[in-house]
Amino acid sequence: MTAMDVLTTTRSVRRRLDLDRPVALETVRECLEIALQAPSGSNAQRWQFVVVTDAERRAAIGEIYNRACEAYLESSSAAGKLFAEDPERSKVQQRVHDSVRHLAGNMGRVPVLVVPCIELPQAELPSGNQAGLWGSLLPAAWSYMLAARTRGLGTAWTTLHLAHEREAAEVLGLPDNVHQGALIPTAHTIGTSFRPAKREPVENVLHVNGWQGGRE
Ligand SMILES: Cc1cc2nc3c(=O)[nH]c(=O)nc-3n(C[C@H](O)[C@H](O)[C@H](O)COP(=O)(O)O)c2cc1C
């Protein structure tokens with residue numbers, strides 16, 4: 001795979017996660033080793049990755065996730081309720097909505113769940129500059145997902161369980177100063193072909209030398 005292939009075809013895989021095929025822990029370890037090449041503020045590398053393979057713990061995390069997802073799917077920010085005025089985009093959103101629901105029902109059965117965390121000196125999250133804090137974790141998490149893609153593994157960036165972060169922390173035995181950034185289900189994919197997604201044209205988001213226009 002070229003870098004271009006990896007960067008344009010690493011999709012959120014939900015329906016095509018193979019729930020029955022085990023994932024070698026060594027492969028996950030390799031992907032994390034690559035992830036550790038990501039940048040972090042002051043080169044502090046405060047990231048930690050909790051890899052969950054134990055069936056009971058996966059089921060417990062899956063239950064928390066599913067509960068949070070049910071509330072989300074009922075809410076006005078649910079994927080399927082966005083862009084209702086644009087028939088083409090609304091169709092895509094509906095597909096995402098259904099796929100989110102599908103993953104929620106199966107999260108606890110995905111062979112590996114990866115929880116990227118950031119370890120701080122204190123329990124409280126600092127106020128101000130959130131970009132500096134989370135920007136020191138999330139690039140590494142995305143690198144993990146890209147590396148997984150090159151090894152035939154599918155992943156999806158998920159965050160819904162964070163509505164019940166402390167409950168998940170108890171399942172995983174996380175201390176108070178370890179904050180979760182995402183929950184990344186990881187499994188072999190069913191089939192290997194994934195396509196670039198349709199996105200807004202770059203003109204809608206590109207501003208040269210300062211802010212111009214914005215969304216109509
Ligand atoms: C910050 C963030 C939070 C997300 N949370 C969830 C989630 O909790 N559950 C889920 O199924 N997908 C989640 N997604 C995945 C998005 O739905 C997905 O990226 C989007 O629909 C585009 O699809 P693609 O990743 O296949 O291109 C999240 C993505 C991001 C960046």
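I began with Lys198 and Glu88, whose side chains meet in a salt bridge at 3.9 Å, N to O (a side-chain nitrogen of Lys or Arg within 4 Å of a carboxyl oxygen of Asp or Glu). This pair links distant parts of the chain, 110 residues apart, with Lys198 in the segment after strand E5 (184-188) and Glu88 in helix H4 (residues 87-106). Helices (H or I, at least four residues) and strands (E, at least two) are DSSP runs, numbered from the N terminus.

A note on the source: this is a predicted model, where local features need pLDDT of at least 70 and side-chain atom pairs count only at pLDDT 80 or more, while totals for chains, interfaces and linings use all residues. Residues are numbered from 1 along each chain as its sequence is written, and side-chain values use heavy atoms, with hydrogens and water left out.

Next I looked up Arg151 and Glu30, which form a salt bridge at 2.9 Å, N to O. Arg151 lies in the loop between helix H6 (138-150) and strand E3 (153-155) and Glu30 in helix H2, so the pair ties together parts that are 121 residues apart in sequence.

I then found Arg29 bridged to Glu33, with the closest N and O atoms 3.2 Å apart. Both sit in helix H2 (residues 25-35), four residues apart, about one turn of the helix. Shared partners join Glu26, Arg29 and Glu33 into one network. My search of the whole structure gave eight salt bridges.
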